Amino acid sequence: MRKYLLLILMSALFMTPVAYAHTMDKSTLYADVPETAPTIKEIMVLHSIGLLGYNGKDVNLNPTENLSRQDFAGWVGGFFGLKGATVDELAQAAKNEDYVSSLEGDITYKEINTALFHHKLELEKPDATLTKEEYISFLTDRLDVDMGGHSLIQMGGFSEGPTGTIEDVVTGDETGVIINGTTYMLSGHPRIFADSTDAKSWVGQTVEKSIFTTGGSHQHGHDQSGDHHEGQSADKPTLQYIQISSPAQATNKTQIQSENATPIDQQQSTKETNETSSNTVWIVALLVLAAVILGFVFVKRKK
C-alpha cells in the first residue's frame with residue numbers, strides 16, 4: 001500500500017500545467033513588447049482580430065516605426081479573409097481588392113479610412129503617416145464606430161463576448177470557460193491576457209473583456225514565422241480573446257470599493273463579518289464537541 005501511495009505522490013510532483021495548444025499570451029505576442037507595456041491589452045485585442053500582426057520576417061512589432069503599406073495590407077488581407085498563405089500573399093491580395101493602392105511606402109490616415117471605415121471618419125490630417133503606436137491608438141478608439149449598422153470589429157466577424165466570474169473550465173483537447181452557467185469554448189488560436197495560461201487557475205477569477213467569433217467570420221492568423229493558417233470552423237462561435245483579471249487586481253478593486261463605501265455600507269459590512277465570525281465559532285465548537293463524544297464512546301467500547 002505504501003508503495004502505491006509513493007508512486008501517486010511522485011506522479012503528482014512531476015505533473016505540470018499544460019498550456020492550451022497554439023495559445024498566445026501577453027508574454028509571447030511580440031519579442032520587443034513586454035507584458036508590462038502600457039498598451040499591451042490594446043495590442044492583444046487588435047492582434048486577436050487580425051488588425052495587428054507580424055511582418056513575415058521576425059516577431060518584433062517595432063512600435064515606434066512608421067506603419068508600412070505592405071504590413072497594413074497583409075493584416076487587412078487576413079482580417080477580411082482574403083486568400084493567401086503568407087503575409088506577402090495576403091498583402092498582394094489586399095492590393096488586388098483595392099484595399100490599398102500600393103505596397104510601397106507608409107500608410108496614411110486617409111488610406112486606413114478608405115480600407116476600414118468606408119470614408120466615414122473625419123480626419124484632421126488625412127495625408128499624414130503614422131507609427132504603429134499611433135495606429136494602435138487610432139484603431140482602438142474607433143473599433144465601435146457605427147458604419148451604417150455595423151462596426152469595424154463586426155466587419156471582421158467578431159463581437160463583444162461574455163464577461164463575469166469563471167465558475168468552472170473545460171480542459172482537454174479544447175479549452176472552455178463557464179460563465180453564468182453557459183460554456184464558451186476558446187478558438188483554436190486564442191489570445192489570452194491572464195497571469196497564467198493554465199485554464200484550471202482561472203476558476204474564480206473574472207473575465208473583464210472577451211471577443212467572440214460569430215458565424216461566418218473571417219478567422220485567420222499568422223504564426224511567428226508569418227505563415228498563414230485557418231482558425232477553427234467559422235460555423236462554431238468561439239472566444240478569440242479573453243482578458244482575465246488576476247486575484248491582485250480583484251483585491252485592488254475590492255479595496256477601492258471599500259474606500260468609497262458610505263458609513264451605512266461599512267456598518268452593514270461589519271455586521272455581516274461579525275455574524276460570519278460568530279457562525280464559524282459555533283461550527284468549530286460543535287465539531288469539537290462531536291469529536292469529544294466520539295472519543296468517549298470509542299474509549300468506553302474498548303474497555
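Colleague: Let me get the wording down: buried means under 20% relative accessible area, exposed means over 50%, and partly exposed is in between (1.4 Å probe, protein chains only). What percentage of the 303 residues in the protein is buried?

Modeller: Buried residues make up 40% of the 303. This is a predicted model, where local features need pLDDT of at least 70 and side-chain atom pairs count only at pLDDT 80 or more, while totals for chains, interfaces and linings use all residues. Residues are numbered from 1 along each chain as its sequence is written, and side-chain values use heavy atoms, with hydrogens and water left out.

Colleague: Good to know. How many helices and strands are there?

Modeller: The protein has nine helices and nine strands. Both are DSSP runs numbered from the N terminus: helices are H or I with at least four residues, and strands are E with at least two.

Colleague: And the outside? What does the accessible surface come to?

Modeller: About 17,500 Å², with 55% of that belonging to carbon and sulfur atoms. Accessible areas come from the Shrake-Rupley method with a 1.4 Å probe, and for residues only the protein chains shown count as cover.

Colleague: Let's zoom in on a helix. Which residues of α5 are buried?

Modeller: Tyr109, Glu111, Ile112, Asn113, Ala115, Leu116 and Phe117. That is seven of the nine residues in α5 (residues 109–117), so the helix is largely enclosed by the rest of the structure.

Colleague: What covers them?

Modeller: The cover includes α3, α6 and α7 (152–155). After α5 comes histidine 118, with a positive phi near 55 degrees.

Colleague: What about α2, is it mostly covered or mostly open?

Modeller: Mostly covered: eight of the 10 residues in α2 (residues 40–49) are buried. Among them are Ile40, Met44, His47 and Ser48. The residue that follows α2 is glycine 50, and its phi is positive too, near 95 degrees.

Colleague: Where is asparagine 62, and what is its phi?

Modeller: Asparagine 62 is in the loop between α2 and α3. Its phi is positive, about 50 degrees, although it is not a glycine. Asparagine 62 counts as partly exposed, at 25% relative accessibility.

Colleague: And asparagine 180, is it buried or exposed?

Modeller: Asparagine 180 counts as exposed, at 63% relative accessibility. You will find it in the loop between β4 (176–179) and β5, with a positive phi near 55 degrees.

Colleague: New topic: rings! How many aromatic pairs are there?

Modeller: Eight. Rings of Phe, Tyr and Trp (its six-membered ring) pair if their centres lie within 6.5 Å; planes under 30 degrees apart count as stacked, over 60 as edge-to-face and the rest as tilted. Take phenylalanine 72 and tyrosine 135: their ring centres are 6.1 Å apart and their planes are at 85 degrees, so that pair is edge-to-face.

Colleague: Which helices hold those two?

Modeller: Phenylalanine 72 lies in α3 (residues 69–79) and tyrosine 135 in α6 (residues 132–140), so the pair ties together parts that are 63 residues apart in sequence. Phenylalanine 72 and tyrosine 135 are both buried, and together with Trp75 they form one aromatic cluster.

Colleague: What sits over the ring of phenylalanine 193?

Modeller: The charged end of lysine 26, 4.5 Å from the ring centre. To count, NZ of Lys or CZ of Arg must be within 6 Å of the ring centre and within 35 degrees of the ring normal.

Colleague: Last stop, β9. Which residue in β9 is the bridge partner of phenylalanine 193?

Modeller: That's glutamine 243. Four bridges join β5 (residues 182–193) to β9 in parallel, and six join β6 (residues 206–213) to β9 in antiparallel fashion. Strands pair if DSSP finds at least two bridges between them.

Colleague: What joins the side chains of glutamine 243 and tyrosine 241?

Modeller: A polar contact of 2.7 Å. That term means a pair of N or O atoms within 3.5 Å; within protein, one must be able to donate a hydrogen and the other to accept it, and residues adjacent in sequence count only if both atoms are side-chain atoms. Glutamine 243 is buried, with a relative accessible area of 8%.

Colleague: Which residues is glutamine 243 in contact with, leaving aside its neighbours within four places in sequence?

Modeller: They include Lys41, Phe193 and Thr206, where contact means heavy atoms within 4.5 Å.
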